[in-house]
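Me: I would like a close look at one part of this model. Please keep it brisk.

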Amino acid sequence: MTIIETLGAYAGIALLALMAATPLLVELDQRFPATRRAKAAERERPMPAGLASA
């Protein structure tokens, strides 16, 4: 096998593994959405003195 064929075979195997893991990744994303962490980090970030409202 040439180098290009070998790389193609590895890329194909990686693609199949990613396709097999997609349902698990989607389920984890629905169960633990990243937006919660982003919103929590936004709330914890201190507001600059000039922008803070009274």
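How many salt bridges does the structure hold? Which residues form the salt bridge, and how do they sit in their helix?

Reply: This is a predicted model. The structure holds one salt bridge. Arg31 pairs with Glu27. Their closest N and O atoms are 2.8 Å apart. That falls within the 4 Å cut-off for a salt bridge.

Now place the pair. Both residues belong to helix α1, which covers residues 3–31. They are four residues apart there, so about one helical turn separates Arg31 from Glu27.

Arg31 has 48% relative accessibility, so Arg31 counts as partly exposed. Glu27 has 39% relative accessibility and also counts as partly exposed. Partly exposed covers the range between the 20% limit for buried and the 50% limit for exposed.

The chain has two helices and zero strands. Helix α1 has 29 residues. At 1.5 Å a residue, α1 should span 42 Å. Its end C-alpha atoms are 41 Å apart, which agrees with that span. Even so, α1 has a bend of about 40° at Ala21.

Another feature involves nonpolar side chains. Leu15, Leu16 and Met19 make a nonpolar surface patch of about 330 Å². One of these residues, Leu16, lies in α1. Leu16 has 57% relative accessibility, which is over 50%, so Leu16 counts as exposed.

Last, the surface as a whole. The chain has an accessible surface of about 5,200 Å². Carbon and sulfur atoms account for 68% of that surface.

Back to the part you asked about: Arg31 and Glu27 form the salt bridge, and both lie in α1.

Key: Residues numbered from 1 in each chain as written. Predicted model: local features only at pLDDT ≥ 70, side-chain atom pairs only at ≥ 80, totals over all residues. Heavy atoms only, no water. Buried < 20%, exposed > 50% of the residue type's maximum accessible area, 1.4 Å probe, protein only. Areas by Shrake-Rupley, 256 points an atom, 1.4 Å probe, with all protein chains shown as cover. Expected span 1.5 Å × (residues − 1). Bend = angle between axes of the 7 residues up to and from the residue. Patch = residues over 30% accessible without salt bridge, like charges linked within 9 Å, V, L, I, M, F, W, Y side chains within 5 Å.
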